[in-house]
Amino acid sequence: MNKADEARINRKILRRAVLEWIFPRRCPFCSKVIGFLPECEDCKEKCQALELRDASLDPETHYFKRLSGAAAVYRYKDGVRDAVLGMKYHGRRWYARDLGEIIAKTLLGCTFYSKYGIILPERASAGTDLWDVIVPVPKSGWGRGYNVPSLLAQTIAWATDLPIQEDALKRTRSICPQAGLPLKQRLENVEDAFAPSDVCAVEGMRVLLIDDVITTGATAAACAEALLSAGAASVYAIALASSQWQTEYNKEDELVF
């Protein structure tokens, strides 16, 4: 990096620091003002208690189909649930920066440092060599005006230095909200609901799919089908949180209803 580029980046960081003095950061889990603190002391232990013991989700309890795997940081409850709902339904899109950093640190091994009180990526983990491109699950179309998985993906791409294709996938039709639906209806709800967009270029690539919450895995699996149909070599899904859903499998991996 030359001196001109370094000066430009420093000016950008300083502008962001000024903005955070005016509009200080809030904890995404409890909404308390935390400013330049790296994390909320009130929520630290509570969030640690919600961390999944094994981040890799079990194909015996989630529906993977052709996903090569999936992982999440937290169980979807308490403050973690509040953070996701705050982003989705209360316009708190700025939570995605802190939450994306948590995903990058916990699941991808990224590290961060502080400059002028601003948290910046220090290095990407060697684990990011496992993927070639980041793709977020497309927005639901329920009038939010922004896409939560896309906001998380932007932060993860910034932290890992992986390229991102924000518009690689599109929804082919509206679907009912997945929340509360049994597995069979979830699968029917997302069947053929996603397709590669005209700008999708994932042929031969190992795709890291980003979502906010993985419940049954039906949505991630449907997105993976669309990406694999566009020539992706593999699709692995990660999310901030997961509900520990028990799918109904028999020994032959066929769904039993």
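Hi everyone, let me start with a definition: a residue is buried when its relative accessible area is under 20%, exposed when over 50%, and partly exposed in between, using a 1.4 Å probe and protein chains only. With that in hand, 47% of the 257 residues in this chain are buried.

A quick word on where this comes from. This is a predicted model, where local features need pLDDT of at least 70, side-chain atom pairs count only at pLDDT 80 or more, and totals for chains, interfaces and linings use all residues. Residues are numbered from 1 along each chain as its sequence is written, and side-chain values use heavy atoms, with hydrogens and water left out.

Now the overall picture. The chain has seven helices and eight strands, taken as DSSP runs (H or I of at least four residues for helices, E of at least two for strands) and numbered from the N terminus. Take contacts, meaning heavy atoms within 4.5 Å: of those in the chain with a separation of 6 or more, 71% join residues 24 or more positions apart. The accessible surface is about 13500 Å², and carbon and sulfur atoms hold 51% of it; that area comes from the Shrake-Rupley method with a 1.4 Å probe.

Let's look at one helix, α4, residues 95–108. Its 14 residues reach 19 Å from first C-alpha to last, close to the expected 20 Å, where the expectation is 1.5 Å times one less than the number of residues. How much of α4 is covered? Mostly: ten of its 14 residues are buried, among them Tyr 95, Asp 98, Glu 101 and Leu 108.

On to the cysteines. There are zero disulfides in the structure, a disulfide being a pair of cysteine sulfur atoms within 2.5 Å. For Cys 30, the nearest cysteine sulfur belongs to Cys 43, and it is 3.6 Å away. Cys 30 is partly exposed at 39% relative accessibility, whereas Cys 110 is buried at 2%.

Last stop, Ser 197. Where does Ser 197 sit? In the loop between β6 (194–196) and β7 (206–214). Ser 197 is buried, with a relative accessible area of 14%. Its side chain reaches the backbone oxygen of Asp 167 at 2.4 Å. Beyond its neighbours within four places in sequence, Ser 197 is in contact with Asp 167, Ala 168, Leu 169 and Lys 170.

Notes
A polar contact is a pair of N or O atoms within 3.5 Å; within protein, one must be able to donate a hydrogen and the other to accept it, and residues adjacent in sequence count only if both atoms are side-chain atoms.
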